[in-house]
Protein chains: 2
Amino acid sequence: MELINGNAIAQTVLDELKAEVEKIAASGLVPHIVVLRVGNDPASISYVNKKEKTAQSIGMRSSVRLFPETISQAELENEIDALNADKSVHGILIQSPLPAHINETEIFNRVLPEKDVDGFSTANIGRLVQELPDAFAACTPAGILELLERSGVATAGKHAVIVGRSQIVGKPVSQLLLSRKSNATVTICHSHTEDLAAVTRQADILIAAIGRPQFITRDMVKPGAVVIDVGINRVPDATKKSGFRLVGDVDFENVAPICEKITPVPGGVGPMTVAMLMKNTLAACLRQNPAR
Amino acid sequence: MELINGNAIAQTVLDELKAEVEKIAASGLVPHIVVLRVGNDPASISYVNKKEKTAQSIGMRSSVRLFPETISQAELENEIDALNADKSVHGILIQSPLPAHINETEIFNRVLPEKDVDGFSTANIGRLVQELPDAFAACTPAGILELLERSGVATAGKHAVIVGRSQIVGKPVSQLLLSRKSNATVTICHSHTEDLAAVTRQADILIAAIGRPQFITRDMVKPGAVVIDVGINRVPDATKKSGFRLVGDVDFENVAPICEKITPVPGGVGPMTVAMLMKNTLAACLRQNPAR
C-alpha cells in the first residue's frame, strides 16, 4: 500500500506555478485573483484566508472583498460586473455558501466564463462536458486528476467508480475521467444505487465523494484498487482539544491495507483544491493576456 | 420479449403536442421553429423535410432557411442573430453537418439558449448537468428517456450502461439517467473500455450508441435487460432495391429473444428524436410567452 501524499503533490504543483509566475513577472504581468466573501461564516473565513496565503506564497496577487449578509442580489451582481470589466483581475471566486436570499446559480453565472477559475458556472460545466480547451474544471475534481497523474495511476481503460453525484465533485470528476484525455470507463453511484458494494468492488479507481464518515468499508473495495477519498467529515473525539477529528468517506484503517494506493484525510485531496485554483488563475491570466 | 414501438410512442407524443398547440392557438400563439440548412447534403435535406412535415402535422409553424456551402461564419452568425431577435421565432435549429470552414461549436452557441431547441449549445449542456429547469436536452437522449418512461421501464436504482460517449447521445443520456428525476446508476463505456462484455452484461438498461452495425451481441446482454438501440447503420444488401438495409448497433435477431424489452431499428429511437424536437419547441414557445 502506498499513501498518496496530497500535501507533497500540492506543494510540487505550487512550486511549478511559482516558477511560472516569476517568469511572466518579467513582462510586468501578475496573476490576480479576487475572492468575494459574504457574511462571517467561520469555515468561509478560514478557506478564504488559505486561498489568499497560498496565492501570495507563489507570487500571485490576491484580493478579498467582504460584504455583509444583507447584500442584495443586484448589489452582488454589480460587484461582479465591475470585476468582470477590470482588466487587472484575472480570476474571480465567490466563496460559498451564500445567504439564503441570494440565487447562487445566477451569481456563479454572472462571473465571465474566462474569469470563472472555480469552474462553477454553467458555461464552464458545459465546456467541460464538450472537452473544450478553454474549460475551467472545478478545483477539487481537477485536483483528483492531478493526484492520479502525478502518482503514476493510469486511467485509460480502467474502471473508475465514483460514489456521489454532486455538482462540485461527482459529476465533474466523472466528465474528466471520461474525457478523451483520461479514457476511463466511468460508473457513477449514489444514494439510489442497488447493491452498492457489488459496484464499488469493481473499481480499479474508487472515488468516494458522499460526505458520510467512513462510509466505504473494506468489503466494498477490490484488493489492489486505488482509492481517492474526497470526504472531510468531523466526528466527535473526546481525546482532541477541539472535541472532534477529521475523517474521510473511507474507513481508512481497514481499507488502506488492501489498496494499491490511497489518499489520507486530511492531507490527500484537500490540499490539491487550493493548488488547482492557483493553476486555473494562472491559466486565466495567460489566456487573457495572449500577446505578452 | 416486448418490442418498444418507437413509431407508436412518437405518434402519441405528437398527438398530445397537437392538442396543446390547438389549446394555445386560441390565444393567437403558434409555436414556430426555424431550421437553417447549409448546402445540399442529401441526408440533411431529408431530415429537414421530416422536421418541417412533422411540425406542420401538429399545427406548428415551421420555416426553413437555405444557405450555400460558401456562406461565411460571420454571415451565418448574422442570420442567427436576426432569428434570436425575432420574437415570432421560438426555436432555432442548425442542421449539421456544417461545411468544414464553419466552426460548429460557435454556431451552436450563437443561438440563444432559450431558443436552442436542439440542446447542442454549451449553455444547455451545462444546464442539463446542473439539472436546471430551463435546460433543453438534446432530442435523441430526451427521446430515449421518453421511450423508457412510456414503456413503463423504471430507472431508479437500476444500472444503466451506455456504450458510446458522444456529445449528442452518450454524454447527455448519461446525465438524464443520473439526474434526480431518473436516479439510475450509470456506467459509460467506449472504445477504451476493457472487457466490454463484462460491463454491458451488468446492464438492467443497455443503451447502444456506438455507430457500429450489430456490435452488441447476445453474449454482451443480460437476460431480461431492456435494450435501447440508437444506431442507424447502412449495410450492403443485394436483395434491396436501394442496395442497403438499415441495422442498429445491436445484433437484433440474436439479442431480442433474451431481452425484456428492445427497440427495433428502424422504428425505435429514430422517430422519437423529431417528436422531442417538437416538444422542446412548444416548451420554448411557452417559456418565451409566459403571460398569455
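Predicted model: local features only at pLDDT ≥ 70, side-chain atom pairs only at ≥ 80, totals over all residues.
**Close-up views of the chain A and chain B pair**

**View 1. Chain A and chain B meet through 34 residues of chain A and 34 residues of chain B.** Between them, the two chains bury about 3,000 Å². Carbon and sulfur atoms account for 50% of that area. The size of an interface is often given in this way, as the accessible area lost when the parts come together.

**View 2. Polar contacts and salt bridges cross the interface of chain A and chain B.** Here 26 residue pairs are in polar contact, both residues at pLDDT 80 or more. Three elements of chain A each give two or more residues to the side that touches chain B: α5 (122-130), α7 (170-178) and β6 (185-189). The largest share comes from α5(A), with seven residues. By residue class, this side of chain A divides into eleven nonpolar, 16 polar and seven charged.

**View 3. B:Glu131 and A:Lys171 join the two chains in a salt bridge.** Their side chains meet at 2.7 Å, N to O. Side chains of opposite charge can pair when their charged atoms come close. Across the interface of chain A and chain B there are four salt bridges. Over all chains the count comes to 24.

**View 4. Strand β6 of chain A pairs with strand β6 of chain B.** The β6 strand of chain B spans residues 185-189. The pairing is antiparallel and runs over three bridges. A:Thr187 has B:Thr187, in β6(B), as its bridge partner. In chain A, β6 is also among the elements that give two or more residues to the side touching chain B.

Technical notes. Residues numbered from 1 in each chain as written. Chains lettered and ligands numbered in written order. Heavy atoms only, no water. Contact = heavy atoms within 4.5 Å. Buried area = accessible area lost by both parts, 1.4 Å probe. Polar contact = N/O pair within 3.5 Å; in protein donor to acceptor, adjacent residues only side chain to side chain. Helix = DSSP H or I, 4+ residues; strand = E, 2+ residues; numbered from the N terminus. Nonpolar A, V, L, I, M, F, W, Y, C, P; charged D, E, K, R; others polar. Pairing = 2+ DSSP bridges.
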